[in-house]
Amino acid sequence: MKTKEAGPSRLADRLAAAAADANCICRRPETNVVCGNCSAKFFGRVQRTCPSHTHVIYLLDYGYCPKCKAPWRSLEGAVGGRNV
């Protein structure tokens, strides 16, 4: 009987490996995001492509403004808490 080898296939293992990668930006903190087009404010992150994990997108990554649909270039992340 052949057993499956334990590799970095589990999400927790991949995230631990990502934390050790110097080029990885996946674990950036969420911030207050403001749209430069319509001034909408929301909590999350401006979507960026990680050099190490090019196909990974997180739930709170915004590629466009949810209100006016302006592209990610119009979004600015401000350092701060959840008070939006």
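How many helices and strands does the protein chain have? One helix and four strands, where helices (H or I, at least four residues) and strands (E, at least two) are DSSP runs numbered from the N terminus. The order from the N terminus is α-β-β-β-β.

A word on the basis. This is a predicted model, in which local features need pLDDT of at least 70 and side-chain atom pairs count only at pLDDT 80 or more, while totals for chains, interfaces and linings use all residues. Residues are numbered from 1 along each chain as its sequence is written, and side-chain values use heavy atoms, with hydrogens and water left out.

Of the 84 residues in the protein chain, 21% are buried; buried means under 20% relative accessible area, exposed over 50%, and partly exposed in between, with a 1.4 Å probe and protein chains only.

Next, the salt bridge, meaning a side-chain nitrogen of Lys or Arg within 4 Å of a carboxyl oxygen of Asp or Glu. The count is one. D61 and R45 form it through their side chains, at 2.7 Å from N to O. D61 sits in strand β3 (residues 61–62) and R45 in strand β2 (residues 41–46), so the pair, 16 residues apart, links distant parts of the chain. Both residues, D61 and R45, are buried.

Now the backbone. Most residues other than glycine have a negative phi. S39 has a positive phi, near 65 degrees, and lies in the loop between β1 (31–35) and β2. K69, also not a glycine, has a positive phi of about 65 degrees; its place is the loop between β3 and β4 (75–78). S39 counts as exposed because its relative accessibility is 52%, and K69 counts as exposed at 52%.
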